[in-house]
Amino acid sequence: MRPHSSLFSAVAVLAIGGILSVLLADYQLRLLNISVIAAIAVIGFNFAFGLAGLISLGHAAFVGMGAYTLAIVTTTLGWSPWAAIPLAITVTTVFAGLIGYPLLRLRGHYLALATLGLNVSFTIVLTNWVGLTGGTNGISNIPQLRIVG
């Protein structure tokens, strides 16, 4: 794929998303947002399964790390969501590097079980660390992303 077609595709997706955000009702927009988030996670699966041939089941932990980082920074420290996004990406990248480096020495079923264990452990930590994550109730009052106003 040439760089011009990739840029055109990105601009087209952003334009369509902007138009749909004005036209769709709240429920439909929420479904679209969840679909885009799931698509991003699927792209990560494609890198692991399709390109690298690795069976990794821990992607949800990394998606959750980014989401919780953004939620915690915006609600407790009062940061703008736009400022918190790069921090969430950085924290998740460091977390993935620290966890992924030793796990990538594993192969086959061992890698699958280790990454599944990471996912389960991450969920248990988030559920029980009520003071930071709100436990099973989660974090509320996360500010919305706003472009203007």
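**Exercise 1. In which helix is the place of His-59? Is His-59 buried or exposed?**

Step 1. The place of His-59 is in helix α3. Helices (H or I, at least four residues) and strands (E, at least two) are DSSP runs, numbered from the N terminus.

Step 2. This is a predicted model, in which local features need pLDDT of at least 70 and side-chain atom pairs count only at pLDDT 80 or more, while totals for chains, interfaces and linings use all residues. Residues are numbered from 1 along each chain as its sequence is written, and side-chain values use heavy atoms, with hydrogens and water left out.

Step 3. His-59 has a relative accessibility of 15%, so His-59 counts as buried. Buried means under 20% relative accessible area, exposed over 50%, and partly exposed in between (1.4 Å probe, protein chains only).

Step 4. Not counting residues up to four places away in sequence, His-59 touches Gly-44, Phe-45 and Ala-48. Contact means heavy atoms within 4.5 Å.

**Exercise 2. Describe the chain as a whole and the confidence of its prediction.**

Step 1. The chain has 6 helices and 0 strands. Along the sequence, the pattern reads α-α-α-α-α-α.

Step 2. Taken along the principal axes, the C-alpha atoms fill a box of roughly 45 × 45 × 25 Å. Of the 149 residues in the chain, 21% are buried.

Step 3. The accessible surface is about 10600 Å², and 72% of that surface belongs to carbon and sulfur atoms. Accessible areas come from the Shrake-Rupley method with a 1.4 Å probe; for residues, only the protein chains shown count as cover.

Step 4. Consider contacts between residues at least 6 apart in sequence: 54% of them join residues at least 24 apart.

Step 5. The average pLDDT of the chain is 83, and 93% of the residues score at least 70. pLDDT is the predictor's confidence in each residue, from 0 to 100. Confidence is lowest in helix α1 (residues 3–23), with a mean of 78, and highest in α4, at 90.

**Exercise 3. Which residues of α5 are buried, and why do they line one face of the helix?**

Step 1. Helix α5 (residues 108–128) has 21 residues and reaches 31 Å from first C-alpha to last, close to the expected 30 Å.

Step 2. Leu-111, Ala-112, Thr-115, Leu-118, Asn-119, Phe-122 and Leu-126 are buried in α5. Seen down the axis of α5, these buried residues fall within an arc of 120°, so they line one face of the helix. The arc is that of the directions from the helix axis to the C-beta atoms.

Step 3. An α-helix has 3.6 residues a turn, so residues three or four places apart point the same way.

Step 4. The buried residues of α5 pack against α3, α4 (81–103) and α6 (130–133). On the other side of α5, His-109, Tyr-110, Leu-113 and Asn-128 are exposed.

Step 5. Leu-126 is buried, with a relative accessible area of 14%. Apart from neighbours within four places in sequence, Leu-126 is in contact with Tyr-68, Thr-133 and Gly-135.

**Exercise 4. Where is the place of Asn-141, and what phi does Asn-141 have?**

Step 1. The place of Asn-141 is in the segment after α6. With 72% relative accessibility, Asn-141 counts as exposed.

Step 2. Asn-141 has a positive phi of about 60°, although it is not a glycine. Most residues other than glycine have a negative phi.

Definitions and conventions
The expected span of a helix is 1.5 Å times one less than its number of residues.
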